[in-house]
Amino acid sequence: MGSVSLKTGEGSARFRRSSLYSQALINVLMLLSLLFTNLFAFYAFTSPPTPHLNPNNISLISDQVSLILREIDYSQKKLTQMEKQVLGYESLDLSRPNIAEELNTFLHPHPLPLGKDSRTGITQMVSSVAHSCSNYLPLLSKYMNYKVGGACPDDWNLAQKLILSGCEPLPRRRCFARSVPKVGLSPFPLSLWKPVGDKIASWNALSCKSFDCLNGKKLGGDCVGCFDLVNGIEKHRWVRARGKYDFVIDDVLAMGDGRIRIGFDFGGASSGSFAAWMAEKNVTVITSTLNVEAPFNEFVAARGLFPMYLSSEQRFPFYDGIFDLVRASLTVFGNRARPEKIEFLMFDIDRILRVGGLFWLDNFHCVDDERKRSITRLIDRFGYKKLRWVVGEKADSSGTGKPQVYLSAVLQKPVRE
């Protein structure tokens with residue numbers, strides 16, 4: 001197959017319908033192009049010979065051969081460009097050497113067997129892949145290099161590296177994912193706070209090989225001993241306030257007037273304790289987390305909760321206005337993120353939150369006064385009602401002794417025209 005490329009809008013690839021060029025039209029054009037090229041070559045080589053060859057005759061033949069070669073090269077480039085337009089790609093070049101055949105197979109469009117679908121208007125099934133994947137094509141090809149129908153490579157860390165690089169969503173694969181026996185799972189709701197065994201997770205590519213080892217590390221601001229469900233701080237977080245900037249779940253639920261049913265916990269390294277406490281209040285919460293330095297997703301699932309393997313850069317895969325509550329942790333915005341990136345994230349949070357729903361900004365670290373002012377101005381633009389708004393200081397966890405400023409807020413989404 002020729003050069004294939006990727007046309008993107010926001011985040012992941014958006015593929016055009018084949019309204020301009022159908023597969024049949026491409027086949028016809030390819031046939032005509034080859035036909036005319038061959039006729040031209042036939043004419044050049046079968047023209048009546050002259051009785052005597054002289055340097056001028058040899059030069060003429062050489063010119064004709066060069067013209068034929070240029071015509072063939074032009075036809076190949078034209079067909080490649082037309083194929084790009086049909087496939088809807090513009091930057092993902094699959095003609096490069098050492099590209100896995102499975103990547104070609106996945107990205108190639110498949111015409112619908114009965115033609116155009118009357119409901120959607122599409123004529124073929126196409127696959128999406130993130131535009132940033134074009135910057136990591138060797139890694140992506142390595143990810144797609146496997147035996148079809150066999151066992152998938154144990155390369156979750158490669159997949160996560162691609163995701164963190166913006167190559168999200170990843171292509172699907174036709175191999176069987178590595179199975180880890182889930183030994184010692186407890187029934188719900190006992191599973192919410194019962195210690196999780198080490199055998200439920202894959203420890204490949206991780207420095208720690210047990211949850212006890214992880215409890216001795218600081219894995220981001222949201223996870224300090226967060227795998228200790230018996231003696232750690234997880235048994236008290238969101239239930240007992242440690243400072244004025246810490247809100248408790250019962251108080252926040254009371255602000256929702258009993259209409260908080262489903263929520264989304266987004267950002268940071270999470271072991272699922274927020275969702276566990278909400279489950280005890282009959283509120284279903286989806287926990288977004290990656291497996292950075294620890295098997296967070298397996299741990300959350302072992303507790304009988306719903307983990308979502310999602311980076312902070314991807315558009316939330318939810319319909320508009322479906323959540324009653326969205327909680328964002330202190331690391332979700334990042335202190336070095338550009339204002340535009342924070343705006344994109346805030347607008348997406350606003351999109352999935354229903355009118356009257358609550359946005360809980362939990363312990364947002366304001367690295368300086370300018371960051372505090374910028375996040376305040378951004379929130380004011382949305383017109384949210386400030387049900388609670390607290391700015392407080394606490395000691396620097398790195399041990400410098402310098403106090404750090406944190407902002408916590410519960411905001412209610414307004415009705416808009």
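In this predicted model, the largest cavity holds about 60 Å³ of space. The count of cavities of 30 Å³ or more comes to one. The lining of the largest cavity is formed by Asp222, Glu234, Arg237, Trp238, Asp265, Ala269, Ser270, Ser271, Gly272, Ser273, Phe274 and Arg327. By residue class, this lining divides into five charged, four polar and three nonpolar residues.

Helix H10 spans residues 339–352 and comprises 14 residues. From the first C-alpha of H10 to the last, the helix reaches 20 Å, which is close to the 20 Å expected at 1.5 Å a residue. Several positions of H10 are buried, namely Ile342, Leu345, Met346, Asp348, Ile349, Asp350, Arg351 and Ile352. The buried residues of this helix pack against three strands, E3 (262–266), E6 (323–328) and E7 (353–366). They also pack against helix H11, which covers residues 369–382.

Arg381 is located in helix H11. The relative accessibility of Arg381 is 53%, and the residue therefore counts as exposed, since the cut-off for this class is over 50%. When residues up to four places away in sequence are not counted, Arg381 touches Glu343 and Phe347.

Note on methods. Residues numbered from 1 in each chain as written. Predicted model: local features only at pLDDT ≥ 70, side-chain atom pairs only at ≥ 80, totals over all residues. Heavy atoms only, no water. Helix = DSSP H or I, 4+ residues; strand = E, 2+ residues; numbered from the N terminus. Expected span 1.5 Å × (residues − 1). Buried < 20%, exposed > 50% of the residue type's maximum accessible area, 1.4 Å probe, protein only. Contact = heavy atoms within 4.5 Å. 1 Å grid on protein atoms, 1.4 Å probe; cavity = no way out; pocket = protein on both sides within 12 Å on 5 of 7 lines; lining within 4 Å. Points joined across faces, edges and corners; volume = space filled by probe spheres on them. Nonpolar A, V, L, I, M, F, W, Y, C, P; charged D, E, K, R; others polar.
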